[in-house]
Amino acid sequence: MIDYKMLLDEAKAARGHAYAPFSGFTVGAALLTSEGKVFRGCNIESAVFSPSICAERVALSKAISEGEHDFIAIAIVGANAGEEPVDPCYPCGVCRQVLSEHVDLSSFEVIVEDKGEVRTVTLSELLPSAFVFEK
Ligand code: THU
């Protein structure tokens, strides 16, 4: 049973480290492994723009670089810097694709908060007909 509230709180804590001076939009993510480990990420922008990276892919990169490969959920929160998140922050298309290459699409849960209410969807709902490259 996934503790949605705990994972959202982890994402909120991660959001506090976001570096987003260009967009002013700060995001936090918390990625959960099947063993219960949590990897946090925040967005990190660059003055050159294209190297900027989303919170979700920071969390995923941290986890994979530590040898983790079994992920069951990710919580995401985002809002303008200094504001409390109100609307849900769903992952961008790039993050949906990158996540899809490391998780079971039909069971992996994406957790967001919508005006204080927890919402969960599977990655397959967010990325139907996903591109799969057979290695
Ligand atoms: N961003 C994320 O970190 N995750 C998302 O799911 C959506 C967008 C970041 C990228 C950029 O730093 C800022 O939010 C505005 O797009």
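Where is Tyr19 found? Tyr19 sits in the loop between α1 and β1, helices (H or I, at least four residues) and strands (E, at least two) being DSSP runs numbered from the N terminus. The structure is a predicted model, in which local features need pLDDT of at least 70, side-chain atom pairs count only at pLDDT 80 or more, and totals for chains, interfaces and linings use all residues. Residues are numbered from 1 along each chain as its sequence is written, and side-chain values use heavy atoms, with hydrogens and water left out.

Tyr19 counts as partly exposed because its relative accessibility is 44% (buried is under 20% relative accessible area, exposed over 50%, partly exposed in between; 1.4 Å probe, protein chains only). Apart from neighbours within four places in sequence, Tyr19 is in contact with Asn43, Ile44 and Glu45, contact meaning heavy atoms within 4.5 Å. The C-alpha atoms of Tyr19 and Glu45 are 6.0 Å apart, with a separation of 26 residues in sequence.

Five strands form an open sheet with mixed pairing, in the order β2-β1-β3-β4-β5; two strands pair if DSSP finds at least two bridges between them. The edge strands, each pairing on one side only, are β2 (38-42) and β5 (117-122). On average, neighbouring strands of this sheet are turned by 20° against each other, direction ignored. Axes are lines fitted to C-alpha atoms, for helices over the stretch in contact, and angles run from 0 to 180 degrees between N-to-C directions. Strands β3 (residues 71-80) and β4 (residues 109-114) run parallel and are joined by three bridges; Ala73 has Glu109 as its bridge partner in β4. Helix α1 (residues 4-15) lies across β1 (25-33), β2, β3, β4 and β5, at about 50° to β3.

Lys115 is placed in the loop between β4 and β5 and counts as exposed because its relative accessibility is 57%. Ser129 lies in the segment after α4 (123-126) and, at 78% relative accessibility, also counts as exposed.

The largest pocket holds about 210 Å³ of space. On a 1 Å grid over the protein atoms alone, a pocket is an open set of points where a 1.4 Å probe fits, with protein on both sides within 12 Å along at least five of seven lines; lining residues have an atom within 4 Å of a point. Grid points are joined across faces, edges and corners, and the volume is the space filled by probe spheres set on the points. Residues lining the largest pocket include Gln97, Leu105, Phe131, Phe133 and Lys135.
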